There are 2 protein chains.
Amino acid sequence: MAKSNRAICLCPLEGVIDIISKKWALLIVNEIGNHGRIRYNDLMKEIQAISPKTLADTLKELVKYNLVKREAFNEIPPRVDYTLTKDGEELRKSIIPILQWALSKKGTVIAHCSCSI
Amino acid sequence: MAKSNRAICLCPLEGVIDIISKKWALLIVNEIGNHGRIRYNDLMKEIQAISPKTLADTLKELVKYNLVKREAFNEIPPRVDYTLTKDGEELRKSIIPILQWALSKKGTVIAHCSCSI
DNA sequence: CGGTATCCTGGCTGATACTG
DNA sequence: CAGTATCAGCCAGGATACCG
């Protein structure tokens, strides 16, 4: 989020917006939640429109905010699982109304939608 | 939102994210909702950290999406009122959980918050 | 497989001054 | 009062190639 010279808004929204305004964050949270546990490349497949860099960046952010947990296994080939933390689950639940709102406004052309609610 | 060469995601989230990822959109929707009916400069006062341009731009977007209604009165001095549309009200309701989630995660330092839930 | 490294672009946002 | 006009900067995000 860009900085400002203006008075700082101490609104609780400030923090959320940093998260939910990340283009892919909610989608990823929702997707991980749907799968319970999912690997990096499977996320790439589910969210086809995302680039590897952006996925990695966003996941890092989510891990930093303690919304997502990363588990790496020392195997060959390498394996990394992502799951939601308790906070992540809560966030996921709290965005359901907004997803439903979105659905009710579009209603159409969600046939091939890989990310369900 | 930046464009991409990749496969288009037909997810219902796509549309919402365009809206909720606007830095000030949710804040403005919430603020208008709190007041029921509010004028441009009063919004400026409530959301002190926003610039006039950004406020105007965001309002236009919200009007375009039919979330906010703009009413101009031919008076001197000029007067313009903003209210939420039905859709806007619904959106506002659907973001309450996320606001509450935000509150529960921060809980602190919201003393001088001008935007309440 | 699960990412980095690198380079690049354009849109969002801000500051400020001005106007009908 | 309710905005526009103008100029500018940053950085999220994309494309692509490569690595342990």
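**View 1. A hairpin in chain B.** Strand 2 and strand 3 of chain B make a hairpin, with five residues between them. In this predicted model, local features need pLDDT of at least 70, side-chain atom pairs count only at pLDDT 80 or more, and totals for chains, interfaces and linings use all residues. Strands (E, at least two residues) and helices (H or I, at least four) are DSSP runs, numbered from the N terminus. Strand 2 covers residues 68-73 of chain B and strand 3 covers residues 79-84 of chain B; six bridges join them, and they run antiparallel. Glu71(B) has Asp81(B) as its bridge partner in strand 3 of chain B. Residues are numbered from 1 along each chain as its sequence is written, and chains are lettered from A in the order in which they are written.

**View 2. The open sheet of chain A.** Three strands lie in the order 1-3-2 in chain A, with antiparallel pairing. Two strands pair if DSSP finds at least two bridges between them. Strand 1 (38-39) and strand 2 (68-73) of chain A are the edges, each pairing on one side only. Two bridges link strand 1 of chain A to strand 3 (residues 79-84) of chain A. Here Arg39(A) stands opposite Asp81(A) of strand 3 of chain A.

**View 3. A helix on the sheet.** Helix 2 (residues 25-35) of chain A packs on the sheet and touches strand 1, strand 2 and strand 3 of chain A. Contact means heavy atoms within 4.5 Å. The helix direction makes about 100° with that of strand 3 of chain A. Axes are lines fitted to C-alpha atoms, for helices over the stretch in contact; angles run from 0 to 180 degrees between N-to-C directions.

**View 4. Confidence in chain A.** The average pLDDT (the predictor's confidence in each residue, from 0 to 100) is 82 for chain A, and 77% of the residues score at least 70. Over residues 107-117 of chain A, pLDDT stays under 50.

Note on methods: Heavy atoms only, no water.
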